[in-house]
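Dear colleague,

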Amino acid sequence: MTAGRARTTGEAGVFRALHHHRAPGDPLVLPGPWDAASARVFAEAGFPALATPSAGVAASLGYEDGQVPADEMFAAVARIVRAVDVPVSADVEGGYGLAPKDLVERLLEVGAVGCNLEDSADGVLKDPRAHADRLAEVREAAGDRLFVNARIDTFACGVDDPERAIERAALYVAAGADCVYPIGAPPEILPLLRAGIQGPINVGAPVEGGPSPAELGARGATRITFGPGLQRRAARALREIADRLAR
């Protein structure tokens with residue numbers, strides 16, 4: 001048993017429990033570290049868990065989003081996990097073509113307690129039933145050792161009808177997903193999604209402007225993530241410092 005796997009066995013349950021019995025307006029806020037240094041900043045600020053963003057990690061490694069080789073992404077997640085004492089969930093995009101059992105083993109080896117899995121590829125939605133079957137295989141391989149956050153990409157792919165997202169959510173929850181993430185869902189339809197979806201809902205929030213995490217929680221969000229927003233805001237701050245130095 002690897003050190004990462006030993007850590008995951010207990011922390012996955014802790015991470016899962018953070019998503020339940022939350023009061024309206026008090027969602028679980030999960031900052032997205034892109035490297036070990038940023039992870040330590042968020043952990044030291046008191047956040048109980050973290051969730052890596054694939055785009056933020058890609059930027060830190062010098063890649064465009066979606067272009068990071070699997071080995072480099074898992075290595076980056078491993079460095080983040082080693083740097084902190086709180087649970088870390090990993091955005092592993094579409095799973096890098098790995099078979100469910102292999103994907104689960106890679107996640108456990110690096111010490112992740114959960115993962116995001118997308119239901120689109122190159123801007124095209126996957127067949128929802130086929131994707132649900134894959135999620136079920138991931139759940140079977142992982143047992144309770146991983147928290148599975150199933151991303152729903154309908155809004156990101158231009159399908160604005162919330163019923164399509166709700167239909168996919170029902171399939172994914174039935175397949176064993178612990179949480180669903182209708183990425184890009186407009187804040188005003190969150191109450192409708194909340195009414196139609198069983199279980200926790202992940203909502204993306206802006207770093208600056210827009211509804212606050214508490215407001216999104218009141219509308220139905222169980223947990224809040226920021227995608228690459230924090231990494232991009234940090235990069236802008238660093239650029240401002242660099243410009244001053246250059247002058």
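This is a predicted model: local features need pLDDT of at least 70, side-chain atom pairs count only at pLDDT 80 or more; totals for chains, interfaces and linings use all residues.

The largest nonpolar core has 55 residues. Phe-74, Val-92, Leu-107, Tyr-172, Val-180, Leu-193 and Ile-224 have the most contacts inside it. With seven residues, helix H4 (residues 70–83) gives the most to this core. Beyond its neighbours within four places in sequence, Val-92 is in contact with Phe-74, Leu-103, Leu-107, Cys-115, Asn-116 and Leu-117.

Turning to the helices, the axes of H6 (residues 128–142) and H7 (residues 162–174) cross at roughly 25° and come within 8 Å. H6 is therefore roughly parallel to H7, as angles under 35 degrees count as such. Their crossing is right-handed. On the H6 side, the contact is made by Pro-128, Arg-129, His-131, Ala-132 and Leu-135, and on the H7 side by Arg-168, Leu-171 and Tyr-172. Five of the residues in this contact are nonpolar, one is polar and two are charged.

Helix H2 (residues 36–44) packs with H4 at an angle of about 35°, and their axes are 8 Å apart. This crossing, too, is right-handed. Here Ala-36, Ala-39 and Arg-40 of H2 meet Arg-79, Ile-80 and Ala-83 of H4. The contact of H2 with H4 comprises four nonpolar and two charged residues, with no polar ones.

Yours sincerely

Methods:
Residues are numbered from 1 along each chain as its sequence is written. Side-chain values use heavy atoms; hydrogens and water are left out. A nonpolar core is a set of buried Ala, Val, Leu, Ile, Met, Phe, Trp, Tyr and Cys residues joined through side-chain atoms within 4.5 Å. Buried means under 20% relative accessible area, exposed over 50%, partly exposed in between (1.4 Å probe, protein chains only). Helices (H or I, at least four residues) and strands (E, at least two) are DSSP runs, numbered from the N terminus. Contact means heavy atoms within 4.5 Å. Axes are lines fitted to C-alpha atoms, for helices over the stretch in contact, and angles run from 0 to 180 degrees between N-to-C directions. Angles under 35 degrees count as roughly parallel, over 145 as roughly antiparallel, 65 to 115 as roughly perpendicular and the rest as oblique. A crossing is left-handed if the near helix is turned anticlockwise from the far one by less than a right angle, and right-handed if clockwise. Ala, Val, Leu, Ile, Met, Phe, Trp, Tyr, Cys and Pro count as nonpolar, Asp, Glu, Lys and Arg as charged, and the others, Gly among them, as polar.
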